[in-house]
Amino acid sequence: MGLIEFHGARRIPFIGREDLLAEAERRIGRGGVHLLYFQGEGGIGKTALLDAILDQSRRGRKGEALPGCCVASELIDLDAIEVYTVEGLIQKIVHVLGTWSFQETEKALTALEQARLAGNVETAAAQTKALENAFREELLALTDDGLVLAFDSLEVLEYERDPFQEELGREAPVLSGGEWLLRSFLPALRGNVLVLLAGRPSGLVDRFEALQERNPHLILRLFAVPAFTVEETTEYLKAVAQAEARRGETDAATRLWTFATGRSEAIHLLTGGRPILLALLAEAIGRGWSLPSLLDSTLEELRLRDIEDRQEEMERALIALVQQCPAPIGNTLRALAWLRKGATPELLARVMDLRTARGEWDVYTATGYLDQAAQLALVRVRPSDRRVFLHDELYALLEKHTLEKCSEEERDGIYSSIQRYYRELTRELEQRVDQFPAVALSLRARRRQALVEEMHYRLRYSPPLGFALYFWLAEEALDGRDLQMDMLLRTELQRTLGLLQASEQFMGFVPREAEVDGAVRWGIRVLLLQGDPEGALHIFDQVRKRWGKQAGKLGLAWAHLQLYRAVAKIHRAEGNDWQEARELLAAVMEKTEEVLRSPPETPVVKGRRWQAKVLQSLALNYHGYLDRQQGRYEEAVQHYHRSALLQRRLEMAALVPTLIHLSGVMALTGRVGHARLLVEEAERHARRAGNTPILAQALNARAVVELVDGHHRAAIRTTDRALEMVAEVPSFRVRGLIHLTRARAHRYLWDSLAPDEKQREASLLDEMIKEANQAVNLLRNSPADRLDALLERGCVCRQVAREYQRQGRKTEAEDLTEISRKDFERAAALAGALNLPGLQALAWTNLGWLCYYRGELEGIEEALYSAYTALPKDYLFPAQGPLPPVAQNGNRNEAALPYWNTLGKAEMLKACLALDQAPAAADDRDRVACIREAVKHLTLSLAYDELVADDYWGLRRAEENLHRRILEDGLNIRMLHQYAQRVAQEQGLTQPTRFQQFLNRIFGPAELWM
């Protein structure tokens, strides 16, 4: 027998329920918001009832359509991934009611898609609100003439209950389509509306009753959908018999009619009047199969047996009959039983191991099987993508009576096939995003859905590995500010875990860690999506109070909390926050190392190791951030490098910002070639991800590399491209960082120009001031970035003030001098508050240079005193000695390198003061003493700079300025060589010193001048 002959279950006739149909029709056009909530066990006919009411509403009970009433073209299944999010559910409602009625909503959807494509959280959030408002207005406009909507599988919303969210209160944002339905959509309804709801028994009734208090227009009626009565069972069998007779299948019709008139009561006892079991039994009777032995029992015998026992035995017998059908029906239905997220031809081919003669997946044959299966009432097809699903109750029956009893070998093989399918699918979608940028948004949406479905199957196969996949994906979503993916993952995790717990599947630590994880993520959303570290820390404190006594048992869930407490403190940057953040990150590293020492022998350990690697990669990244901000560049390189290795292995989106940061510190320490390779890799990843702000950051990082490599114009051109990308994106920090780079690039470019070039490009002065002001304004909410911006604007205003002074524009020069002075003083105060002594010393040193250019000798002395006081004494060269104490031991790589760079600037300032005093000396002896003093400071200046790196931008700029000064002053090269050797001997420095190397390289060796 072929599948095409499987008629009895092809369409279950709609029998009975006349009272419910009449009740629904009576409420259409009556006025008010009517919620008819139909509750019943699986397979009882709830979906068929909703379909019948919708059909009747469209044509009217007497065959006449209701005038003006807008009736949904199909019911909305809340168990479908496409409606997990608010946006997805709105799109589905628009689809079933007709897009012509929702023109503004369609425009808002397009605007939201564009905002998401740009990767901007703030704009997307604003567009989401605009979408909800437009949809609400257009929907309410339809309710005057009448509106009918239907929602199925309502019980899945019960799995989304989040006790911690309820503690947070109504300020917690809506994170799923189901929440939005209950909290926003239904309470806002007005006019003439009929909403049909169907689901299995759950605790949702109380929540719907509470809605009536918020919406006085709402009228709720709860109906229990019962099984068929004996009379309805008889009527059903007769209806199938008549259908067979019309087809010419007289033998089948006769058998069915005989059972309908003679054995219907027994059949009712055995099936419980459940339509889905009646459909299966009708098929067995019609086809003349060997019927279950229970049907040979008398009514008295059946009544003596326990109801649950006899119905469960009947379930087993009927499921066995289905699977014993000749191929392909039996095998197809069994394969579909594994695929709760629906079957595509290729996925079915893999699960059924269908291959062509060439060994390829036989998609053609699988398509035929699915096309034939689509004719059964036991099977449904999703219109949007033609995926094939079983009836929900059939999934439950097959899992209970078949899948749970299959061999481990079969189970492993099938889930392995499913996982390989999804891995290849997501890889293919990623490649297509690169190839077809015009449809990148829809491709990314499909990739999201594929990843969520893969997570579902992993959870069903191995909850620990599934939870590890969820954890990885959830971190990716929030780190990438992908609220849509965050919603999908949260909803699927809650629903799948709810189903697994209902089936009493053993899940080990997963439910407990998932509960804590869900609470922690509320804080992460506040931190990363709303930019509110104070609010995040408040939520994290609530988590600590709630689960603190269980901390020792929570393991990685607690480490996850500690990680984001550290991140929130890093963002807040007040008082001792950064030191506390380091301690928290160290605790995370300790816990993850403990987990990673366990060999990956079981799924539980494999899952925990996966989570540990994700946590460790993030902890290392934030360690690197703190190192970089505190000037520990070598430590930052090590931490960023280890983080990047893990993130590259784990294929994490966080790899892009890590590479950006790593390239930055490498460039600052002179490893420009390596830095350029890293930033090019970051740019490629960012382009593939389609995240505009991240790509702009990658381009800005490339500009920084060009800048420190001396390619100032290339840096400006690159930031031009970065600014174009974020022109329409209100990502203030990204734009601020780009303007900061541009200000520095314009300043360095100006320094490199010859006098005649400066006359031609005088507009650069205005440009650098404009860029510096933009940076300060845009970075005002980020303390560490604002500090950098203030320092840069101080340098810019100082530079431009000098030029204006030369040009005779004294008033403008004075104004800019005051801005520069205030910026350096504010920067010094802010650095002190942030406990950043290196930047505090740099601010004072820069102020000293400002005083130098202004001829304020007392100000120079005070500024340098403050600079040296801010820095640890062990970073200073001793009175005699080859190296500062920090550089003499094995901790040199842990040193804060900018400390030495700042000391190099300070010593250079002292050298310039000494050189200035030489021409005004009273006699040759004093003049020589001044030059000798200058050589001492020049030697120490370059020695300090050399401790940062053998070759880097700061050292090169120092040597360029020194070269210019020697030529302008006409200094005696022989004397410089002579005193450089004497200073090195007196100090105990290794010769040739960097200053001696500079003299040899630029002016020739000492012998040349003797």
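Tutor: Start with one term: contact means heavy atoms within 4.5 Å. Keep in mind that this is a predicted model.

Student: Then what does Leu489 touch, leaving out residues up to four places away in sequence?
Tutor: Leu489 touches Val452, Met455, Tyr470, Leu473, Ala474 and Ala477.

Student: What makes a set of residues a nonpolar core?
Tutor: Its members are buried residues of listed types, such as Leu, Phe, Trp and Tyr, joined through side-chain atoms within 4.5 Å. The largest such core here has 209 residues. Leu489 is among those with the most contacts inside it, along with Phe540, Leu563, Tyr564, Trp900 and Phe995.

Student: Which helix gives the most to this core?
Tutor: Helix α42, residues 897-917, with twelve residues.

Student: Why is Arg742 called buried?
Tutor: Set the value against the cut-off. Buried means under 20% relative accessible area. Arg742 has 8% relative accessibility, so Arg742 counts as buried.

Student: Where does Arg742 lie, and what is Arg742 in contact with?
Tutor: Arg742 lies in helix α34, residues 732-752. Leaving aside neighbours within four places in sequence, Arg742 is in contact with Ile716, Thr719, Asp720, Leu723 and Glu771.

Student: What does the side chain of Arg742 reach at 3.4 Å?
Tutor: The backbone oxygen of Ile716. The limit for a polar contact is 3.5 Å.

Student: What makes a space a cavity rather than a pocket?
Tutor: In a cavity, a 1.4 Å probe fits but cannot get out, while a pocket is open. A search of the whole structure finds one cavity of 30 Å³ or more. The volume of the largest cavity is about 80 Å³.

Student: Which helix supplies the largest share of the lining of the largest cavity?
Tutor: α5 does, with five residues. Both α5 (121-142) and α7 (177-188) supply at least two. The lining includes Glu132, Phe135, Arg136, Trp180 and Ser184.

Student: How does the lining of the largest cavity divide by class?
Tutor: Seven residues are nonpolar, one is polar and two are charged. Glu and Arg count as charged, so Glu132 and Arg136 go in that class.

Student: And how much of the chain is buried?
Tutor: Buried residues make up 56% of the 1010 residues. The chain has 46 helices and eight strands.

Key
Residues numbered from 1 in each chain as written. Predicted model: local features only at pLDDT ≥ 70, side-chain atom pairs only at ≥ 80, totals over all residues. Heavy atoms only, no water. Buried < 20%, exposed > 50% of the residue type's maximum accessible area, 1.4 Å probe, protein only. Helix = DSSP H or I, 4+ residues; strand = E, 2+ residues; numbered from the N terminus. 1 Å grid on protein atoms, 1.4 Å probe; cavity = no way out; pocket = protein on both sides within 12 Å on 5 of 7 lines; lining within 4 Å. Points joined across faces, edges and corners; volume = space filled by probe spheres on them. Polar contact = N/O pair within 3.5 Å; in protein donor to acceptor, adjacent residues only side chain to side chain.
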